[in-house]
Amino acid sequence: MTPATDSIASAGLEVGEAGLELSRPEPAPAGRPLIGGVHALLQIVNRAVMVPCMLAVVAAAACLTYSVAARYFLKVPTEWQDETAVFLLIGATFCSGAFVQSYRGHIGVEAIAELLPPRANRWRLLVIDLVSAAFCTFFAWKSWTLFLEALHEGHTSNSTWGPPLWIPYLLMACGTSLLAVQLALESAVRAVDTEVRP
Amino acid sequence: MTGSTGIAFGAVTLLVMFSGMPIAFALGAVAVGFMAVFMPASALDTVTQNVYEEMASITLLSIPLFILKGAAIGRSPAGKDLYSAMHAWMNRIPGGLGIANVFACALFAAMSGSSPATCSAIGSAGIPEMRERGYSPGFAAGIIAAGGTLGILLPPSITMILYAVAAEQSLGRLFLAGIGPGLLLVALFAGYAVYRYRKEYAAAHAMHQQGGSRSALLDDRRYTWPERVEMLPRVLPFVILLIGVMVALYGGYATPSETAGLGAILALLLIAVVYRIWKPKQLRPILAGTIKESTMLMFIIGMSLLYSYVMSSLHISQDAAHAVVAMQLPKWLLLAAVLGMVVVLGFFLPPVSIILMTAPIILPPLKAAGFDLIWFGVVMTIVMEMGLIHPPVGLNIFVIKNIAPDIPLRSVIWGVLPFVALMLLAIVLMCFVPGIATGLPDVVMGATR
C-alpha cells in the first residue's frame with residue numbers, strides 16, 4: 001500500500017475514487033506447494049463469493065426502492081422488504097469479509113507499529129495475524145452453534161413477517177469461517193516467509 | 001474493582017489497537033477477552049447473537065447503500081461535469097472560480113456523501129483549472145480539501161448515521177441539522193476564496209505593473225450563454241436526484257434507509273442513462289469498491305458495538321461517565337475537553353470507531369450539562385471534518401497529493417490551515433447561535449423542547 005492509499009483506508013469511513021482502487025491480493029510464498037494451493041483455491045472461492053455479494057447489495061437497494069413504490073403507488077403493505085434487505089446486507093458483509101481481508105482491506109492503526117525494527121515488525125505482524133485468526137475462528141464457531149440452535153429450535157425474527165433466523169446466521173457462519181481460513185492462511189504465509197522486510 | 005477493570009480495558013485496547021491489528025478484529029478480540037475473564041462463561045455463547053442483533057438494524061445497514069450511491073456517482077464523470085457547469089456559470093464573479101469549486105464540492109458531497117470521492121472528482125478537474133488560471137497551488141489544494149469535507153456534514157452522512165444510532169437520536173433530524181452549518185461553511189469557504197483571490201490578484205497586478213511577468217490570474221475567460229446552457233443537461237439529473245431524495249425523505253415518502261436504497265438505484269440508473277455505464281464490466285469496479293469499503297466499515301461497526309456492549313456490561317462506560325459528571329466541569333470546558341479528545345483520537349482512529357467507542361462515555365455528561373445532543377452531533381461531525389484535513393492523518397490531504405502530486409505537501413498543508421480556522425470559527429458561531437444547526441429541524445419536524 002502506498003502511504004496515500006494507506007491513509008485513505010485509515011479514515012475508514014469514506015469511499016472515493018482513490019479508495020475504490022483494489023490493489024492485488026497478497027501473493028503466496030514461492031516453493032510452498034501446500035500453502036500455494038490453498039492460497040489459489042481461496043482466491044477462486046473469494047472471487048466466486050463476491051458475485052452474489054455484489055448482487056445482494058443491489059438487490060437490497062432494489063427491495064427498499066420497491067418498498068417505497070409499493071406503499072405509495074400500489075398501496076400494498078410493506079412488511080418483508082426491510083428484513084429482506086437486512087438479510088441480504090448481513091450476508092454480503094460477512095461473506096465478503098475474507099475477500100476484503102485477502103486485499104488486507106480490514107484496516108489497522110499502523111502509524112506507531114511501523115517504527116519498529118524489521119525483525120520485530122515481522123514478529124508483530126505474525127502475532128496480529130494469529131490473534132486475528134484465533135478471534136475469527138472463535139466467532140465462526142459461535143456463529144455455527146447459533147445457526148444450529150436457530151435451525152433446530154425454529155427461531156424466527158420478532159416482526160409480523162417473522163422469517164427464520166437461521167438464514168442470516170448461516171450466512172454469518174459461512175462468511176466468518178471463510179475469513180478464519182483466510183486469516184489462518186495469512187498467518188501460515190507469514191510464518192514460513194523468512195525474508196525480513198523493512 | 002470496576003475502576004481497575006476500566007483502566008485495564010482502556011490499556012489493553014490501546015495496546016492491541018497500536019499493535020496494528022485490524023481495528024475490527026482488535027475491538028472484537030479485546031471484547032471477547034474481557035468477557036472471558038470478567039463475565040460469566042455463558043456470556044461468550046451470546047457473542048455472535050449480540051453482534052447480529054446490534055448490526056441487524058436497517059438504519060445501520062443503509063450505510064452500504066449510501067456507499068453504493070456515492071461509488072456510482074464518484075466513478076462517473078458527474079463530478080467533472082458539475083464542476084465545469086459551476087465554473088461556466090460563476091466565472092464572472094471576482095474569485096468565481098474558487099467559489100465554483102466550493103459550490104461544486106458541496107453539491108457533489110451531498111450527492112455522493114463521501115469526502116475523498118468529492119476531493120478526487122472535483123479536484124481532478126478543479127485544481128488544474130485553478131492553477132492554470134494563476135491561483136497559488138496551496139490555495140487551490142486548500143479549497144478542494146476543505147470543500148471535500150462537506151461530504152460528512154451534508155446529508156446523507158455516514159458519520160451522522162452512526163452518531164444517530166449511538167446517541168439514539170432521530171436520523172432525519174440530525175441530517176437536517178447538518179444543512180445549516182453545511183451552508184455556513186460553504187459561505188465561509190466561498191468568502192475566504194474571494195478574499196484570497198483578491199489578495200492574489202492584487203499581488204499579481206502589482207507585480208505586472210512593476211514590469212514582472214503577467215500572471216494568468218489577470219486574464220479574463222468568458223463563456224457565452226449557449227456554452228453555459230449546453231452544460232446543464234448532464235448536471236441537472238444529478239441535482240434532481242439530490243433534491244428528489246431529500247423530498248422523499250422529508251416529505252414522509254421514505255425512511256432514511258429506504259432513501260439509501262432509492263438513491264443507490266437512481267444513481268445506478270442515472271449513470272446508465274447519462275454516461276452509458278451499465279455493462280457488468282463497467283459496474284464491477286463500482287460494486288467491488290462498494291463491498292470493499294462497506295464490509296471493512298460494517299465489520300468495524302459490528303465489533304465496536306460488541307466492544308461498547310462489553311464496556312457497558314462491565315459498568316466501565318457508566319462509571320467513566322459518572323466520573324466525568326462528578327468532576328463538575330464548567331459546561332463549556334467540558335465541551336472543549338470532549339472535542340479535544342475527539343481531535344486527538346482522530347489522529348489515530350476512524351470516525352466510526354470514535355463515535356461508537358466514546359458515545360456511551362461522553363454523551364451522558366454532555367446531556368447532563370444541558371447540551372442538545374443533535375447540536376453536539378453536528379459539532380462533533382465538524383471536528384471530525386477538521387480531522388480530514390489537518391495533519392497527521394488528514395485523509396483529504398493525501399487524496400490531493402494523489403491527484404496533484406507536484407504540489408509540495410508543505411504547500412497543501414499551509415493551504416488547508418485557513419480552512420481549519422474557518423471550521424473552528426463555524427463551531428464558535430454555533431456555540432453562540434445553536435439555531436444554526438437546530439433551527440431547520442425544529443422548523444421542519446417541530447421543536448422537541
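Residues are described here as buried when their relative accessible area is under 20%, as exposed when it is over 50%, and as partly exposed in between, with a 1.4 Å probe and protein chains only. The structure is a predicted model, in which local features need pLDDT of at least 70 and side-chain atom pairs count only at pLDDT 80 or more, whereas totals for chains, interfaces and linings use all residues. Residues are numbered from 1 along each chain as its sequence is written, chains are lettered from A and ligands numbered from 1 in the order in which they are written, and side-chain values use heavy atoms, with hydrogens and water left out.

Asp129(A) is buried, with a relative accessible area of 3%, and forms a salt bridge with Arg104(A), the closest N and O atoms being 3.1 Å apart; a salt bridge is taken as a side-chain nitrogen of Lys or Arg within 4 Å of a carboxyl oxygen of Asp or Glu. This pair links distant parts of the chain, Asp129(A) being in helix H6 of chain A and Arg104(A) in the loop between H5 and H6 of chain A, 25 residues apart; helices (H or I, at least four residues) and strands (E, at least two) are DSSP runs numbered from the N terminus. Arg104(A) is partly exposed, at a relative accessible area of 22%, and also forms a salt bridge with Glu186(A), with 3.3 Å between the closest N and O atoms. Because Glu186(A) lies in helix H7 of chain A and Arg104(A) in the loop between H5 and H6 of chain A, this second pair ties together parts that are 82 residues apart in sequence. Glu186(A) is buried as well, with a relative accessible area of 4%, and Arg104(A), Asp129(A), Glu186(A) and Arg190(A) are linked in a network of salt bridges. Over all chains, the search of the whole structure finds eight salt bridges. One of them joins Glu200(B) to Arg196(B), the closest N and O atoms being 3.1 Å apart; both residues lie in helix H11 (residues 171–209) of chain B, four residues apart, about one turn of the helix, and Glu200(B) is buried at 14% relative accessible area.

Between the chains, 76 residues of chain B are in contact with 71 residues of chain A, contact meaning heavy atoms within 4.5 Å. Chain B and chain A bury about 6,600 Å² between them, 73% of it on carbon and sulfur atoms, where buried area is the accessible area (1.4 Å probe) that two parts lose on being put together, summed over both. In chain B, Phe25(B), Tyr52(B) and Lys292(B) lose the most area to chain A, together 11% of what that side buries. The count between the two chains is two salt bridges, including that of Lys142(A) with Asp45(B), in which the closest N and O atoms are 2.6 Å apart. The largest share of the side of chain B that touches chain A, 17 residues, comes from H15(B).

Helix H4 (residues 47–55) of chain B contains the buried residues Val47(B), Thr48(B), Asn50(B), Val51(B), Tyr52(B) and Met55(B). These buried residues pack against helix H4 (81–95), helix H6 (118–153) and helix H7 (166–192) of chain A, together with helix H2 (23–38), helix H3 (41–45) and helix H15 (280–313) of chain B. His106(A), placed in the loop between helix H5 (97–102) and H6 of chain A, counts as buried at 6% relative accessibility. Leaving aside neighbours within four places in sequence, His106(A) is in contact with residues of both chains, among them Gly97(A), Val100(A), Phe25(B) and Phe299(B).

Backbone geometry in chain B was also examined. The peptide bond from Pro155(B) to Pro156(B) is cis, with omega near -5°, and Pro156(B) is found in the loop between helix H9 (137–149) and helix H10 (158–167) of chain B. Glu168(B), which is not a glycine, has a positive phi of about 50°; this residue is placed in the loop between H10 and H11 of chain B and counts as exposed at 70% relative accessibility. A positive phi, near 65°, also occurs at His315(B), in the loop between H15 and helix H16 (316–326) of chain B, where His315(B) counts as partly exposed at 44% relative accessibility.
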